[in-house]
Amino acid sequence: MSTTLAPAPQTSASFPAWFADRQKAAWERYLATRAPKRGDEPWRFANLKQLDFTGFERAGKVESAELVAKSTGLEAPAAKLVFVNDELVSSESPGLPEGVVCLPLAQALVSHGDLVQEHFMKQETRLGSAKFAALHEASLTNGLFVHVPDNVEVAGTIEVHHWISGKNVVVYPHTLIVTGKHAKVRVVDMFRSADDAEPGVVIAFNDLRTSAGSKLDYVALQALNEQTRMIQINETGTAKDASTIGLIVNTGASWVRNESLSRLEGPGARSEMLSVSIPSHEQEYDQRTFQHHASDHAYSDLLYKNSLYDRTRTVFSGLIFVDEGAHYTDAYQTCRNLLMSDDAEANSMPGLEINADQVKCSHGSTSAQISDEEIFYLRARGIDPVNARQLIARGFSVEVVERLKDDATEELVLRFIDDKFAKIAAAV
Amino acid sequence: MSQEDLAVLDSETRDAIDIDRTKGDFTFPERNKFDAGRGLTEKTVDYICDVKGDPQWLRDFRHRALKVFNDKPMPTNWATKDLENIDFDVIRYYLSDGEKPKRSWDEVPADVLETFERLGIPQQERAFLAGVEAQFDSEAAYSNVKEELTKQGVIFVNSTEGLHKHEEIFRPYFGKVIPTGDNKFSALNSAVFSGGSFIYIPKGVKLKQPLQAYFRINSENFGQFERTLIIADEGAEVMYMEGCTAPKFETSTLHSAVVELVALKGAKIQYVTVQNWSSNVFNLVTKRGLAMEDAEIRWIDCNIGSRLTMKYPGVVMKGKGARGEVISIALANNGQHQDTGAKMIHAADYTTSNVVSKSISVGEGRSTYRGQVHIPKHLKGCKNNTECDALLINTNSRTDTYPAITVKGNKHSTQHEASVSQVSEDMLFYLMQRGLNEGQAMSLAVNGFINDLVREFPMEYSVELKRLIDLEMEGSVG
């Protein structure tokens, strides 16, 4: 959308009044906020041309039976929801313990309005896309809402499929997950296109809110078609003694802007921010992260790995920010780029802003290619050079996925990654 | 370190640590024959051109630069807001007594001589330097190089003399490594520059001893804008060192230099800076080198003083096999912000660059590292290594790191590592168990942190550096 979408979105009449007010205010904020421009520090190295969405319109209802059939994921999910163009078309919850709320947001706004209001989009978007966060807030019609009560653990994984279908359409998927004290849950969002040819836009937002001692793992698998662009804003709040993992996997789309903010809110909080991106052809992934240590005695670790093929481009900009008084912070940030082509471009901006002294913080960034010695080693064992390179790139990604420490979910993630490598191999 | 602490040390150690804090903090009455007045207009530029007898091409160059300066915004979208406190209208842009630089210290006016005597420059010249230039406000007061070097064709003069007497060497490189419009402060310097050094080392001449320039600000509300151009011809080698001081006035002072280095095929330039400006100086400097085939440029940089330093020495590696290096130490004390870093632009095959940066933040001091590494497409075999480590001493100390690395293509490797840590309580305890008090233990730990970099400085500087660090650490514990 150039900078405006017209007309203003209409809030469903069934939604509570507070939500209608929020959407109205967000739309005004969207109109009042200027679009990013060259020279804006949060958009350094960014390809601003990708923000021109002229001609795209809100997605409508489409036939969904085939997409429901294609929505395969885990063998035994705790719950499974399928959205097509932000509309829930299928849901089942065979493994959810009692008391867990796992609903489409549209329904949760009606049945659990107060609970949603307490947590809905509380944090300020500060990594550059405030305008698009406002647009998302004003325009969203649905999404996922999960609430796990105190001391309840969801054993399996909640699996969510988001399909985008139609030509020149925009969707606004939203995910809000809230854990009670000592609760535990894992959610996988999968973003895919119904077909390979139609251009689309996804403006997604996810909000992960934890209570003391809880554990929340979130995985976003993005395999949209290569005509589609995506802005995804991730906000995570990790409470005292709570632990969060956020893994983002990018294999699809033509252009993606991921903004991930993780706020350590209490002593003993632990946050892992992970990403695997495998761009090929002319794909471009722009990732901005923020590890905000607002409390003392907290730990955060970020590991982003990009394997860049063909004429692709990545931007990584990360910041570890330690508040005054957040002593005994332990924070790490690593971005590794594996350059698989002579035409690929990797930009890295790892950063630190430290305002407390009793800290251990470090960051590292590397960009390099596979060494001849590694290829030689595998060739000496009978593996041809093309497969050898693929094997090394896969191993490079697997190190990140293994941080999930859940076999079934790791297997699902690796299936996405292997699909991408298979596509790359087929194109060689 | 308190007098009580000093009392328990032997006299040699005491002498080593007990620096006179007022060493640079003195001033003499102004006796300027030429004063461009306050504020910056076209008239200021014309005044400087007239006094210096600039040729028309330089007058035009300065005027174009003034326009660029006026048009360019302050870099406050990313830089500290403290820049907005510079009042360009009260600054005096040119002050000079109208004297030509002297070749002998005996001819230098008594108060200027005393200034440099107190700073130890003539002694250093006798002891280990090949040549010295001493700048007092806008112009050089003294400039001399050893006779045998002159015979070999070495040129070491101030920039005015360089462009007047050696225009054929000076002009082709002047403003080429750092164009006027590079940033707001390079434009400012281009408009009003005065002083600085012009050095030319002929083909194959390898200087065994360093050349040194010393920049001294004497006057209040003064802006010093020296311009340095060093050209090392094919196979030549030179080490150049610069030092800077200013007295502490109540008002702020601006120092905005432009330094351009050109190392032709196989040449080596080492540029060593020990900056100890007083805490009222805005030190906004642009430094860049151009390294041709198999040439090497090393910036060895230590920033201890100033209110705000913004300085990111760079190397453009334009020739195959060229090498660039930045070794830097920054110490930010109360009220100081050391915003330093490095730029490495790879522009030819098989070029390598290395950046090692260490910073120490004391009290409410803030140190920042900003870096840029750029490896464009179609090059092969380029490598960069960057390491930056920050040490925080007190609860309110602050540090930031903002590198930007762009690599295109798959025949290169870059690695960047940064860490932030504090002096561990265990380490202090260990040292104090061996009889040191907390302040001494902290000084030792800090000196240990930067020790591997201090060794890169010439001996005379490294001793001075350690003393300065000790001095800055005084009272930081507790």
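The structure holds 7 cavities of 30 Å³ or more. A cavity is a set of points, on a 1 Å grid over the protein atoms alone, where a 1.4 Å probe fits but cannot get out. This is a predicted model: local features need pLDDT of at least 70, side-chain atom pairs count only at pLDDT 80 or more, and totals for chains, interfaces and linings use all residues. Residues are numbered from 1 along each chain as its sequence is written, chains are lettered from A in written order, and side-chain values use heavy atoms, without hydrogens and water.

Take the second largest cavity. Its volume, the space filled by probe spheres set on the points, is about 150 Å³. Lining residues have an atom within 4 Å of a point. There are 18, and Asn234(A), Thr236(A), Gly246(A), Ser260(A) and Met273(A) are the closest to the centre. Strands (DSSP E runs of at least two residues) β10, β12, β13, β14 and β15 of chain A each supply at least two lining residues. β13(A) gives the largest share, 5 residues. The lining divides into 9 nonpolar, 8 polar and 1 charged.

Now turn to chain B. Helices α3 (residues 42-52) and α4 (residues 56-71) pack at about 155 degrees, with axes 10 Å apart. They are therefore roughly antiparallel (over 145 degrees). Their crossing is right-handed. In contact (heavy atoms within 4.5 Å), α3(B) brings residues including Val45(B), Ile48(B) and Cys49(B), while α4(B) brings Arg59(B), Arg62(B), His63(B) and Leu66(B). By class, this contact has 4 nonpolar, 1 polar and 6 charged residues.

Definitions and conventions:
Axes are lines fitted to C-alpha atoms, for helices over the stretch in contact, and angles run from 0 to 180 degrees between N-to-C directions. Helices (H or I, at least four residues) and strands (E, at least two) are DSSP runs, numbered from the N terminus. Angles under 35 degrees count as roughly parallel, over 145 as roughly antiparallel, 65 to 115 as roughly perpendicular and the rest as oblique. A crossing is left-handed if the near helix is turned anticlockwise from the far one by less than a right angle, and right-handed if clockwise. Ala, Val, Leu, Ile, Met, Phe, Trp, Tyr, Cys and Pro count as nonpolar, Asp, Glu, Lys and Arg as charged, and the others, Gly among them, as polar. On a 1 Å grid over the protein atoms alone, a cavity is a set of points where a 1.4 Å probe fits but cannot get out, and a pocket is an open set with protein on both sides within 12 Å along at least five of seven lines; lining residues have an atom within 4 Å of a point.
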